Amino acid sequence: QLVESGGGLVQAGGSLRLSCAFSARTLSSYAMGWFRQAPGKEREFVACIAWRGTDTWYADSVKGRFALSRDNAKNTVYLQMNNLQPEDTAVYYCAAALAPSSAVREYDYWGQGTQVTVSS
C-alpha cells in the first residue's frame, strides 16, 4: 500500500527528498504522514498533509527545514529535507490516516521505512 524511497547517507547541511508511493485504489483520500524512529527511541511525528494537499503540519524540530507535498495524480507524497543534521538520522516511515494527525495510533497503514543517515 505504501512504498518509501529516497533515503541514504548525506553530510550535515545536505538535502534529501523522500518519496512515498501509495495505492490510489485505497489511499487516495487519506491524509499522509511521515514519522521517524532512531535506534533506542520511540517513533516520532515529523509531518503530515491533508488528502487535498492544501494543509500541512510539522514537528517543531523540522519546521523551516522540511517541506511536505503530495501529487495525487502520481499517487506520491514527497518529503523534502534540507539542512539535515546528525539528529535527523533515523528510519523514516510513511503512513496513511483518515485524518491528519501527529499520533502514531491514528495511522492505519505504514510503509516499510527508509534509512536516513546524516554524518557530521
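The views below come from a predicted model, in which local features need pLDDT of at least 70, side-chain atom pairs count only at pLDDT 80 or more, and totals for chains, interfaces and linings use all residues. Residues are numbered from 1 along each chain as its sequence is written, and side-chain values use heavy atoms, with hydrogens and water left out.

View 1. A disulfide is a covalent bond between the sulfur atoms of two cysteines; here a pair of cysteine sulfur atoms within 2.5 Å is counted as one. The structure holds one disulfide, and it joins C20 to C94 with an S to S distance of 2.1 Å. The two cysteines are 74 residues apart, C20 in strand β3 (residues 16-22) and C94 in strand β9 (residues 90-97), so the link connects distant parts of the chain. Strands (E, at least two residues) and helices (H or I, at least four) are DSSP runs, numbered from the N terminus. The angle about the S-S bond is -80°, and the link is left-handed. C20 is buried at 0% relative accessibility, and C94 is buried at 0% as well. Buried means under 20% relative accessible area, exposed means over 50%, and partly exposed lies in between (1.4 Å probe, protein chains only). C48 is buried too, at 3%.

**View 2. The largest nonpolar core.** In soluble globular proteins, nonpolar side chains tend to be buried together. A nonpolar core is a set of buried Ala, Val, Leu, Ile, Met, Phe, Trp, Tyr and Cys residues joined through side-chain atoms within 4.5 Å. The largest one here has 34 residues, of which M32, W34, L79, M81 and Y92 touch the most other members. Elements that give two or more residues to this core include β4 (31-37), β5 (44-49) and β11 (114-119). The most come from β9, which gives six residues. Leaving aside neighbours within four places in sequence, Y92 is in contact (heavy atoms within 4.5 Å) with residues including L18, W34, L79, M81 and V116.

**View 3. An open sheet of four strands.** The strand order is β1-β3-β8-β7, with antiparallel pairing. Two strands pair if DSSP finds at least two bridges between them. β1 (2-5) and β7 stand at the edges with a single partner strand each, so one side of each has no neighbour in the sheet. From one strand to the next, the twist averages 15°. β3 and β8 pair over six bridges, and R17 stands opposite Q80 in β8.

**View 4. Salt bridges.** A salt bridge is a side-chain nitrogen of Lys or Arg within 4 Å of a carboxyl oxygen of Asp or Glu. The whole structure has five salt bridges. One of them joins E44 and R36 (2.6 Å, N to O); E44 is partly exposed at 35%, while R36 is buried at 6%. R65 and D88 meet in another (2.8 Å, N to O). R65 lies in the loop between β6 (56-58) and β7 and D88 in the loop between β8 and β9, so this pair ties together parts 23 residues apart in sequence. R65 is buried at 15%, and D88 is buried at 0%. Salt bridges that share partners join R36, E44, R65 and D88 into one network.

Note on methods
Axes are lines fitted to C-alpha atoms, for helices over the stretch in contact, and angles run from 0 to 180 degrees between N-to-C directions.
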